Amino acid sequence: MRKKIVAGNWKMNNDKQETTTLITALKAKGAFNGVEVKIAPTAIHLSQAVTELNDSAIEVIGQNMHQATNGAYTGEVSVGMLQSIGVKSVILGHSERRAYFNETDEALAEKVKTAVAHDMEVIFCFGEELEDRKADNHFAVVENQLRKALFDLDSADWKYIVLAYEPVWAIGTGETASPEQAQEMHAFIRNLVEEGFGAEIAENVAILYGGSVKPANAQEIFSKSDVDGGLIGGAALNADDFFAIVQSI
Ligand code: PEP
């Protein structure tokens, strides 16, 4: 059985006190019925979040990490630094990192390699822009992103990979892919993984959907057979909404 995962990407939101307040509200929510629940506060609050959630099933994950293990990379965070505070999973390839920080497929391939070499789970984000979809080019774009960043991995590395399909036109816009559009793309992605790495890996890899998931639309999206959960932005900043999304699986 594939994992079901709901991960909240807090992005550059919540100061120290707000981080504690949201964590306290999430902890009060109770059981998650077998769903892996993860939150990604900003880097300077990861350590605090790990401590505050040490008696909880909610896992704390990173929003990003550098491909080098150490060195002169001002402002960056390494895989070892994340692990030294108890973080075991990291988001890589988010469209905001690609668009605003020029993260290329090549750099992302290096980041993924560094992460898996250190037993770090990766939630790997990818997805097409609106123009790609309008031009009916979305499958080619997604295939290219996946091939460039993940297809040089060894089969054994795939146990660390979670995929997150996030059409850029649906992130923070209030637009969502329809459940049918999500399922169509997730099935395409699983098929691609099967071609590259075989049926077992394809069957076991969790593929999350991200892009304006809210309590009102989560259930319909999560009901699709190849959608194994969600990567949640805006709605992850509200404990009631995030918990409602978790319960929609
Ligand atoms: C995201 O940034 O990964 C995301 C899915 O954001 P939102 O839910 O706000 O669209």
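**Ground rules**

I worked with a predicted model, where local features need pLDDT of at least 70, side-chain atom pairs count only at pLDDT 80 or more, and totals for chains, interfaces and linings use all residues. Residues are numbered from 1 along each chain as its sequence is written, and side-chain values use heavy atoms, with hydrogens and water left out.

**Entry 1: salt bridges**

I began with a search of the whole structure, which finds 19 salt bridges. I counted a salt bridge when a side-chain nitrogen of Lys or Arg is within 4 Å of a carboxyl oxygen of Asp or Glu.

I then turned to R2. It forms a salt bridge with D226, with 4.0 Å between the closest N and O atoms. R2 lies in the segment before β1 (5-9) and D226 in the loop between α10 (215-222) and β8 (229-232), so this pair ties together parts that are 224 residues apart in sequence. For the element names, I took helices (H or I, at least four residues) and strands (E, at least two) as DSSP runs, numbered from the N terminus.

R2 also meets D228 in a salt bridge, at 2.9 Å from N to O. Again the pair links distant parts of the chain, since R2 is in the segment before β1 and D228 is in the loop between α10 and β8, 226 residues away.

Are these residues buried or exposed? R2 counts as buried at 15% relative accessibility, and D228 is buried at 1%. D226 is buried as well. My cut-offs were under 20% relative accessible area for buried, over 50% for exposed and partly exposed in between, with a 1.4 Å probe and protein chains only.

I also noted a network of salt bridges that links R2, R190, E203, D226 and D228. Elsewhere, R133 forms a salt bridge with E128, the closest N and O atoms being 2.7 Å apart. Both R133 and E128 are buried.

**Entry 2: helix α10**

Which residues of α10 are buried? I found N217, A218, I221 and F222. Seen down the axis of α10, they fall within an arc of 125°, so they line one face of the helix. The arc is that of the directions from the helix axis to the C-beta atoms. I reminded myself that an α-helix has 3.6 residues a turn, so residues three or four places apart point the same way.

On the other side of α10, A216, Q219 and E220 are exposed. The cover over the buried residues includes β1, α8 (179-197), β7 (207-210), β8 and α11 (239-246); contact here means heavy atoms within 4.5 Å.

I looked at Q183 next, which sits in helix α8. Q183 is buried, with a relative accessible area of 18%. Leaving aside neighbours within four places in sequence, Q183 is in contact with K224, S225, D226 and V227.

**Entry 3: the ligand**

How many residues surround the ligand? I get 13, and the closest are K11, H94, E166, G172 and S212; a residue is near if one of its heavy atoms lies within 4 Å.

For polar contacts I took pairs of N or O atoms within 3.5 Å; within protein, one must be able to donate a hydrogen and the other to accept it, and residues adjacent in sequence count only if both atoms are side-chain atoms. A polar side-chain atom of K11 is 2.5 Å from an oxygen atom of the ligand. For H94, an N or O atom in the side chain lies 2.8 Å from a ligand oxygen. G234 takes part through a polar backbone atom, 2.8 Å from an oxygen atom of the ligand.

The protein covers 98% of the 290 Å² of accessible area that the ligand has on its own. Accessible areas come from the Shrake-Rupley method with a 1.4 Å probe, and for residues only the protein chains shown count as cover.

**Entry 4: single residues**

S78 is in the loop between β3 (59-60) and α3 (79-84). At 6% relative accessibility, S78 is buried. Its side chain reaches the backbone nitrogen of M81 at 3.1 Å.

M120 is in the loop between α5 (105-117) and β5 (121-126), and I logged it as buried at 0% relative accessibility.

K4, in the segment before β1, is partly exposed at 29%.
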